[in-house]
Amino acid sequence: SDVCSSIYPGATVSNWLESATATDNCDTDPELTYNFDVTTLNVCVGGTLTVTWTATDACNNTTQRGRSITVIPDTEKPVITAPDDITLDCGDISETADPSAQITAWLGSASASDNCDTDPELSYDFDMSQLNICAPATYTITVTWTANDACNNTTSSSRTITVVPDT
């Protein structure tokens, strides 16, 4: 079973642990316990964890069986889907088309996905004060989005805003 289906794969492992069964020649319902604490499972670190089940019948006869959980660490970086570069010129700027609103929408159209983390953190380095619509010449601003998952795998993607002032 894939324990990377979420940041906390405890439910997947708990279901696997609870799927074990025990039978006995005299006791129709032997007690079955295991020595594994699901909170020790860490998909960011990985490794092999051993689980030991102990079956105990009504006469206190016991049998133990062990199995291993191999956790492959999450080393895969998130994927960023960034919008195409944008160009703003005097046709984009009017009383009804505020460039800051266009840029905010453009920035908000980026997204991040990850193989394990269902909600990786996505940030960008743009500050609206960088926008100067009255600049004397065309200029570009590079915007970099950074995505970070729960295992601190990080990736970045950059796009540019080209500003063509009304000269």
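The model is predicted, so local features are described at a pLDDT of at least 70, side-chain atom pairs count only at pLDDT 80 or more, and totals for chains, interfaces and linings use all residues. Residues are numbered from 1 along each chain as its sequence is written, and side-chain values use heavy atoms, with hydrogens and water left out.

Let us begin with confidence. The pLDDT is the predictor's confidence in each residue, on a scale from 0 to 100. For the protein chain its mean is 87, and 89% of the residues reach 70 or more. Helices and strands here are DSSP runs, numbered from the N terminus: a helix is H or I with at least four residues, and a strand is E with at least two. Among these elements, helix α1 (residues 10–18) has the lowest confidence, with a mean of 83, while strand β4 (residues 79–81) has the highest, at 98.

Now look for the sheets. Two strands count as paired if DSSP finds at least two bridges between them.

You can find two of the bridge partners by eye: Thr-33 goes with Thr-54 in β2, and Leu-32 goes with Ala-55 in β2. Between β2 and β3 there are ten bridges, and these strands run antiparallel. One of the pairs on this side is Gly-47 with Val-71 in β3. The strands β2 and β3 form a hairpin with five residues between them, and in the turn Asn-60 has a positive phi of about 65 degrees.

Contact means heavy atoms within 4.5 Å. Leaving aside neighbours within four places in sequence, Thr-48 is in contact with Ser-68, Ile-69 and Thr-70. The C-alpha atoms of Thr-48 and Val-71 are 6.1 Å apart, although 23 residues separate the two along the chain.

A further open sheet has four strands in the order β5-β9-β8-β7, with mixed pairing. Here β5 (86–88) and β7 (121–124) are the edge strands, each with a single partner, so one side of each is left without a neighbour in the sheet. The parallel strands β5 and β9 are joined by three bridges, and Thr-87 has Thr-162 in β9 as its bridge partner.

Next come the cores. A nonpolar core is a set of buried Ala, Val, Leu, Ile, Met, Phe, Trp, Tyr and Cys residues joined through side-chain atoms within 4.5 Å. In soluble globular proteins, nonpolar side chains tend to be buried together. The largest core has 18 residues, and those touching the most other members are Ile-103, Trp-106, Leu-107, Phe-126, Val-143, Trp-145 and Ile-161. Two or more residues come from each of β5, α2 (99–108), β8 and β9, and β8 gives the largest share, five residues. A second, separate core has eleven residues, including Leu-41, Val-51, Val-71 and Cys-151.

Finally, the cysteines. A disulfide is a pair of cysteine sulfur atoms within 2.5 Å, and by this rule there is one. It joins Cys-44 and Cys-151, with sulfur atoms 1.9 Å apart. The link of Cys-44 and Cys-151 is left-handed, with -80 degrees about the S-S bond. Cys-44 lies in the loop between β1 (31–34) and β2 (47–56), and Cys-151 in the loop between β8 (139–148) and β9 (154–163), so the pair ties together parts that are 107 residues apart in sequence. Cys-44 is partly exposed at 32%, whereas Cys-151 is buried at 14%. The sulfur of Cys-26 has its closest cysteine sulfur in Cys-59, 6.5 Å away, which is too far for a bond. Cys-26 is exposed at 67%, and Cys-59 is exposed at 62%.

Note on methods: Buried means under 20% relative accessible area, exposed over 50%, partly exposed in between (1.4 Å probe, protein chains only).
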